[in-house]
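Me: I would like to see how the terms used for a protein model follow from their definitions. Please show me the structure before we start.

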Amino acid sequence: MNKALAVAALDRRLDLLSNIDVGGRGVEALLEASRAALSGASPVGAAADLLAGLPRGATVLYTTGSVSRAWISPRVGENDGPAGTAALARALTLGLGTHNVVVCEETLVDGLAAIFTTAGFSVLSFDEAKKASQDGSLATVSFEPFTVNTHDAEREAEALLARIEPDLLISAERVGRARDGVYYSMRAIDYGQGRARIDHIFDLANARGIPTLCVGDGGNEIGMGLIADAVARNVKHGEKIGAVSSCGVLVTAACSNWGCTAIAAALAARLGNAALLHTPAREEHLLRRGVDVGLINSVDNCVDANVDGIPAVTHLALVQLMETIAGRFIAQNAA
């Protein structure tokens, strides 16, 4: 098998692994819709190709860390998204020396900063982080709080993009507004209170031709507007909760952390660098750190290391499978 065919086969395996529908949400149908939007290509592969094509030192704007019980407190974040985003940012930083900026609610900055620190990042100011990325002396990330007021969102999105000048935007498990302007949970509960209107940043980036990559598992996340019809048909409450914001590349997953892990694995394969692969040990550290900072398992309504109601050991096993598959690919295709 030539290398191009081997890469395509790896991408398909990562697609399938990350979309095993453990929670019965209908995500496998969303995978097919995402593939169709790419004319049959692998979403994980398309995401990895997008990342591998970035210039060294590129500025990447990430968002993750959804406010999970907004009607109670804007300080309650969920544990799906942050670990995966930190693992993906780590791969990009080690592989391409990226300048990393995370946009989120002011109320979630401290918890997300702890997750990124566990992944190996120093949390610095924007200017300090940019300087470090330019000389390659330190893996860094900076945080930018964003408005929770819809009225201010477009104006602040314009100012943010002008100041940061991102080469790429990545969203993982961030809820976007539905057709009626409400931010819905998977249970069709309005939980837009205290939620940063970050989907407006992605709308503006899409309009300006700035590349966008989104990861989601339920249909209500930023980017799912790309496959809105499939969300309405296949997800419980999908017609009501489906997000309208679209994206350039949409990676579906049974758990958004898995989608991020799969993208990192596909990127590592393309760059031929096994050091970029996420590992079970690091996954465990990140999930345990989530417990330390109070991120919740949003299905079981409590703080623990399980994600979306799926036992932590299952997450470690999925990471191990992806690491093994991509690691063997890298070893077999070494120059």
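**Terms and cut-offs**

Reply: The axes of helix H11 (residues 256–271) and helix H13 (residues 312–332) come within 9 Å and cross at roughly 15°. This is a predicted model, in which local features need pLDDT of at least 70, side-chain atom pairs count only at pLDDT 80 or more, and totals for chains, interfaces and linings use all residues. Residues are numbered from 1 along each chain as its sequence is written, and side-chain values use heavy atoms, with hydrogens and water left out.

Me: Why is H11 called roughly parallel to H13?

Reply: Angles under 35 degrees count as roughly parallel, over 145 as roughly antiparallel, 65 to 115 as roughly perpendicular and the rest as oblique. The angle here is roughly 15°, so H11 is roughly parallel to H13.

Me: What makes up the contact of H11 with H13, by class?

Reply: The contact has eleven nonpolar, three polar and no charged residues. Ala, Val, Leu, Ile, Met, Phe, Trp, Tyr, Cys and Pro count as nonpolar, Asp, Glu, Lys and Arg as charged, and the others, Gly among them, as polar. On the H11 side, the residues include Trp 258 and Thr 261; on the H13 side, they include His 315 and Phe 329.

Me: How do you know whether Ser 171 is buried or exposed?

Reply: Buried means under 20% relative accessible area, exposed over 50%, and partly exposed in between (1.4 Å probe, protein chains only). Ser 171 has a relative accessible area of 0%, so Ser 171 is buried. Ser 171 lies in strand S5 (residues 168–172). Leaving aside neighbours within four places in sequence, Ser 171 is in contact (heavy atoms within 4.5 Å) with residues including Thr 63, Phe 202 and Ile 222.

Terms used
Axes fitted to C-alpha atoms, helices over the stretch in contact; angles between N-to-C directions. Helix = DSSP H or I, 4+ residues; strand = E, 2+ residues; numbered from the N terminus.
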